[in-house]
Amino acid sequence: MNRLNFRVEAQAAGSRARAGLFQTLHNEVRTPLFMPVGTQATVKAQLPQSLEDSGSQILLANTYHLLLRPGPEVFRRMGGIHGFMSWKRSVLTDSGGFQIFSLPHSRSMTEAGAVFQSYTDGRTMLLSPEVSIETQKAIGSDIMMALDQCVPSTADESVARAALDITHRWAVRSLAARGDSPAAMFAIIQGALFRELRREGVLRLREMAFDGLAIGGLAVGEAKAQREDVCEFTADLMPADQPRYLMGVGTPLDILEAVHRGVDMFDCIIPTQVAQRGGVFTSRGYLQLRRGVYKFAQDKLDPACDCPTCARYSRAYLHHLTKTKETLGWQLLGKHNLHFYHRLMREIRESIVAGRFLELYREKRELLHEDDLDNPVLIQGRKPVKPRCLGDYEVRVAPEGFASIRQISSGEIMHSRTPPLEEARLLYVDQSRLAERLLPAECGSEETLVIWDVGLGAAANAMAAIRCYEAQAAAGGPLRAMHLVSFENDLDSLRLALTYNRDFLYLRHGGPAGVIEKGRWQSKEFPGLSWELIEGDFLKSISEDRLHAIPAPEIIFYDPFSRNADDRLWTLDAFRLLLAACRGRSAELFTYSASTAVRATLLAAGFYVAKGRGIADRAETTVALAASAPDARHELLGIEWLEKWNRSGAKVPAWVQPNEQSAFEATIAGHPQFRLNPASLGSVF
Ligand SMILES: [Zn+2]
């Protein structure tokens, strides 16, 4: 019988994340959850009341420390930890194993348990499974942990194997020592970084009558990727109908990653520990309040936080308290950090229940990476700051705060008016109705949707398309595969943006690095999503002899530098070649330019040309259609445009050869587009 009655309330789509619910002896607990650490029956510098207010559901207390002081007898006489520390909600006690094996006290290991010397009075003591459980019963926790032998995650296989075996024998003894206590008990999976040992650990422990399992022995020296790998692999094997607890983890980002991998419970000293030294997690990144930049900062600590600290105190005051090491500073920052953690957990839970966890995950994964966004830390002693440029490109920050890439030789800025990803979404992704087109039911096709991304630049357009695909895939249901083909002759702009990806958050994704390194990238998460990069001159890449290797496009994002920087991609020959490369498909091309010369050239090359939506201070953009029967959704240029062109002093762009000029004019005047439009019949010529 499971003493917690755990049940999964919602399971995220496209992720292992889940929202659960269980009942302890004191309260109903909602997962995923974060448990503040109250080592000595107190969460450092926090009142139980403020822990309650911030949403703490379970506190973690340390059996090892409480065994030594005040000792189990005090808890027995006081009726347990809840009354002792005036805490009404749940308590989880660890087994003491972690402290015994990680703290530098003289100890020796036997089958019976660990023999160690007390740091309070020098006595020699034995921590056996029976002593650990008796102490936890005296403390009166809601969830007890079976005594384990913890080894560093970097231990070699024979050490890890021995620790695993003894942990399992102790698990049996711990369960027996619980007897008929109504408290729940978890066992701890060891096995360092060895998959086989982790697997064996889970399989053996899930046969026993535990109420939940914990992943132990991580967050002690391994790399983040190793931790995530072991966590994912192990969580997958853990029973779905019990809570899964990852011990000692971690930063907000670590927790987010582990929730994504199916973990429900976390504990860590980080929020109160960093608070003591002036560290805070905020919606504007991780701040270190000791820094002088806050001396006169009148702002709220975190504009997006509703905790009591943020409601009342300025960054300048908190900076002062931190500099003077006042206890109040520790208390106020700790309170904020715990609020931050608990709010994150609530947002995660709500997103799982609402079926949009993956969206939240992507958004938070970028934000939680951040150092101080408002006052970036400049590395001392390396002044002047490294110039942020590479080849012909430099990072430029707009007055509005977003970063873009500027081509130094032409002075032209990619996405100068709107943040790059936003502009990419409005101009290319939304206008091409990409989300809708990915649904076979909407567009009547199950073929792979091929997008040509001409002018990869810093990959904003490509990433906007990839995000769109990922959001659609996460929503579930049948979806067409999508293959993105990016063309670029100079990868320095993307390399530069990747180097400064703090300013280009959308690049924090496996795709851009993948196409830069290998020329192609395949999503692991979504098999239907792939991306290739064709490096070199675009027109050469789509020339007749090389075209066969590239699938014909359905959508073209046409975003090279402008005619002023390089007019080669805007000429009649370029557009003719592009139209031929569509190979009869009804491709749609989207571009930022709405100039009469560009539109006339597209028409002369044989495209149908329609008005695109206005973006930022561009009144219009342009859509060009390769189809013989253009899509009625687009508003084709009509008679007014033709009249305007006819009156224009530069009807024929400079790039048209003298001997082609009259043919150019005649092609436009006779373009079927204007015959399709009844209003234009016979009105101009
Ligand atoms: Zn706050």
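In the predicted model, L572, F575, R576 and L579 of helix α24 are in contact (heavy atoms within 4.5 Å) with V598, T601, L602, A604 and A605 of helix α25. The residues of this contact comprise 7 nonpolar, 1 polar and 1 charged, where Ala, Val, Leu, Ile, Met, Phe, Trp, Tyr, Cys and Pro count as nonpolar, Asp, Glu, Lys and Arg as charged, and the others, Gly among them, as polar. Helices (H or I, at least four residues) and strands (E, at least two) are DSSP runs numbered from the N terminus. Residue numbers start from 1 along each chain as its sequence is written. As the model is predicted, local features need pLDDT of at least 70 and side-chain atom pairs count only at pLDDT 80 or more, whereas totals for chains, interfaces and linings use all residues; side-chain values use heavy atoms, with hydrogens and water left out.

Helix α24 spans residues 572-581 and helix α25 residues 596-605; their axes come within 9 Å and cross at roughly 50 degrees. Axes are lines fitted to C-alpha atoms, for helices over the stretch in contact, with angles running from 0 to 180 degrees between N-to-C directions. The two helices α24 and α25 are therefore oblique to each other, given that angles under 35 degrees count as roughly parallel, over 145 as roughly antiparallel, 65 to 115 as roughly perpendicular and the rest as oblique. The crossing of α24 and α25 is right-handed, that is, the near helix is turned clockwise from the far one by less than a right angle.

Beyond α24, the loop between this helix and β25 (588-591) contains R583. R583 is not a glycine, yet its phi is positive, near 50 degrees. With a relative accessibility of 36%, R583 is partly exposed (buried means under 20% relative accessible area, exposed over 50%, and partly exposed in between, with a 1.4 Å probe and protein chains only). A positive phi of about 50 degrees is also found at R433, likewise not a glycine, in the loop between α16 (420-430) and α17 (434-437).

Cis peptide bonds occur in loops as well. The bond from R69 to P70 is cis, with omega near 10 degrees, and P70 lies between α2 (63-68) and α3 (72-78). The bond from V249 to G250 is cis, with omega near 5 degrees; G250 is placed in the loop between β13 (244-246) and α10 (252-260).

The structure holds 0 disulfides, a disulfide being a pair of cysteine sulfur atoms within 2.5 Å. The sulfur of C150 is 14 Å from the closest cysteine sulfur, in C268, and is therefore too far for a bond. C150 is buried, at 11% relative accessible area, whereas C389 is partly exposed, at 38%.
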